[in-house]
Amino acid sequence: MRGFVYLLSALTVCRAYDYAQALRDSLLFYEAQRSGKLPPDQKVKWRKDSALNDKGQNGEDLTGGYYDSGDYVKFGFPMAFTSTILAWGLVDHEGGYIAANALDDARKAVRWATDYFIKAHVSPNEFYGQVGEVDHSIWCRPEDIPMHRPAYKIDTSHPGSDLASETAAALAAASIVFQRNDSSYADILLTHAKQLFDFANKYRGKYTESITGAKGSYETYSYYDELVWGATWLYRATGNESYLKIAEQLYKEFDLLYWTTGFTWDKKISGIEVLLARMLGKPLYKDRVISYCGTLVDSQKRTPKGLVYIEDYGSLSKIAAAAYICFQLADLGASSDFYRQFFKKQIDYILGDSGRSYVVGFGNNPPTHVRHRSSSCPDAPAVCNWDTYWSAEPNYHILTGALVGGPDSNDNFVDSRLDAVHNIVACDYNAAFQSALAALVDLKL
Ligand SMILES: *[C@@H]1O[C@H](CO)[C@@H](O)[C@H](O)[C@H]1NC(C)=O
Ligand SMILES: *[C@@H]1O[C@H](CO)[C@@H](O)[C@H](O)[C@H]1NC(C)=O
């Protein structure tokens with residue numbers, strides 16, 4: 001039966017979406033998430049400068065970076081993951097950005113984060129991983145944040161290997177992006193990446209034991225995978241065998257071969273394996289990714305309309321991340337056409353195949369009530385408060401390009417700000433989705 005359905009979908013590939021447009025739109029979402037002083041070429045004009053007093057404990061300038069989601073915390077961990085994945089899309093599918101006329105903006109999206117990480121890395125073993133606190137008691141514009149925004153860091157007595165190594169991965173991946181564009185900046189990125197990785201590896205621990213305010217939002221299962229991930233990206237960026245040795249040694253020591261596969265902000269295992277497979281061609285890693293993608297196709301739960309359903313919370317970001325890994329596998333020549341077509345259909349589900357779009361401002365019947373403070377608020381000086389949140393009105397501004405959490409397991413979706421599980425947006429949601437779009441454009445699918 002399933003084979004028959006595939007045949008049907010293969011015959012209806014003419015149902016195309018404008019992936020290049022979706023790619024450009026996704027970059028606008030990142031513009032809307034910018035914190036700090038906005039540049040003159042900012043395209044999302046309804047956003048203004050904000051959080052200009054973000055400072056470290058000794059007064060260090062910590063302005064910039066991205067607001068994580070629909071509120072105003074700058075969480076370093078998902079911001080780093082987001083940057084790694086955006087940079088990865090540029091490294092392997094730059095052609096997609098060029099074809100979409102979006103290369104400049106994509107580099108700027110990565111650089112908006114990496115400039116901030118450089119500021120936050122105040123000394124080799126000292127890194128700020130959070131500014132602002134989870135405060136769900138207010139609903140306002142980012143330009144009007146009333147409360148004090150404390151900054152939290154990791155250091156040798158308060159380590160955070162997951163945070164430091166994910167940031168090392170982001171900076172290493174970004175250094176590859178900028179090698180071709182601004183080589184002195186690429187060198188700076190690499191210097192910080194190496195220092196952060198050494199810090200992560202030498203002073204071991206989970207960052208949420210040091211930055212406890214992140215526990216409720218982004219506590220990782222383990223820092224083991226991030227350590228291997230950081231070393232793997234440093235190997236890719238430098239070609240230095242000593243990083244490869246560390247990556248493979250730790251992969252073995254931590255028994256990652258026996259971890260269940262997957263790829264999320266918390267779980268890097270299938271990303272590590274597909275990257276090592278790409279660089280080394282070893283069946284050890286490649287077979288794991290083949291098994292991962294095969295399982296998604298053959299036995300993962302599906303909604304009635306065909307979405308591969310991994311988890312209720314952020315279901316679409318989960319399949320987008322899986323799709324990106326399987327596009328990577330396809331690049332290695334493993335059942336390439338099959339995986340590309342299969343996961344392209346999953347992206348098509350997001351863009352409209354179920355009868356609606358799940359990307360704000362894109363396609364047919366997109367979400368208009370996303371749980372996102374800044375886009376819900378009218379322009380100053382109009383009041384923005386909890387009445388705005390409870391209002392049945394659509395968001396005042398269109399948060400173009402934002403991927404929402406997604407439907408439940410029966411393809412049901414209520415476009416309401418009150419539904420955090422299905423209608424929230426986040427930097428990490430869009431990251432693999434955007435890189436998957438870059439792959440689709442690059443491959444002319
Ligand atoms: C580097 O990238 C920026 C932003 O994309 C662009 O404006 C600049 O021209 C590029 N420089 C080179 C040397 O490619
Ligand atoms: C490779 O990296 C190691 C560890 O950081 C360093 O000690 C070594 O000098 C590097 N080798 C080269 C050729 O850069």
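**Close-up 1. Pairing of strands β1 and β2 around K74 and V131.** In this predicted model, K74 stands opposite V131 of strand β2. The two strands concerned, β1 (residues 74-75) and β2, pair in the antiparallel sense, and two bridges are found between them. Strand β2 itself, which spans residues 127-131, is mostly covered, with five of its five residues buried.

**Close-up 2. Pairing of strands β2 and β3 around F127 and I154.** Strand β3 covers residues 151-154 and runs antiparallel to β2, to which it is joined by four bridges. Within this pairing, F127 has I154 of β3 as its bridge partner.

**Close-up 3. Surroundings of ligand 1.** The residues around ligand 1 are D104, R107 and N181, and each is described here by a distance between a side-chain atom and an oxygen atom of the ligand. For D104, an N or O atom of the side chain is 2.7 Å from a ligand oxygen, while for R107 the corresponding separation is 3.2 Å. For N181, a polar side-chain atom lies 2.4 Å from an oxygen atom of ligand 1. On its own, ligand 1 has 360 Å² of accessible area, of which the protein covers 47%.

**Close-up 4. The ends of the annotated span, residues 19-437.** UniProt, in an unreviewed entry, lists residues 19-437 under "domain: Glycoside hydrolase family".

Note on methods: Residues are numbered from 1 along each chain as its sequence is written. Chains are lettered from A and ligands numbered from 1 in the order in which they are written. This is a predicted model: local features need pLDDT of at least 70, side-chain atom pairs count only at pLDDT 80 or more; totals for chains, interfaces and linings use all residues. Side-chain values use heavy atoms; hydrogens and water are left out. UniProt positions are given in the numbering used here, feature names are shortened, and annotations may be inferred rather than shown by experiment. Buried means under 20% relative accessible area, exposed over 50%, partly exposed in between (1.4 Å probe, protein chains only). Two strands pair if DSSP finds at least two bridges between them. A residue is near a molecule or strand if one of its heavy atoms lies within 4 Å of it. A polar contact is a pair of N or O atoms within 3.5 Å; within protein, one must be able to donate a hydrogen and the other to accept it, and residues adjacent in sequence count only if both atoms are side-chain atoms. Accessible areas come from the Shrake-Rupley method with a 1.4 Å probe; for residues, only the protein chains shown count as cover.
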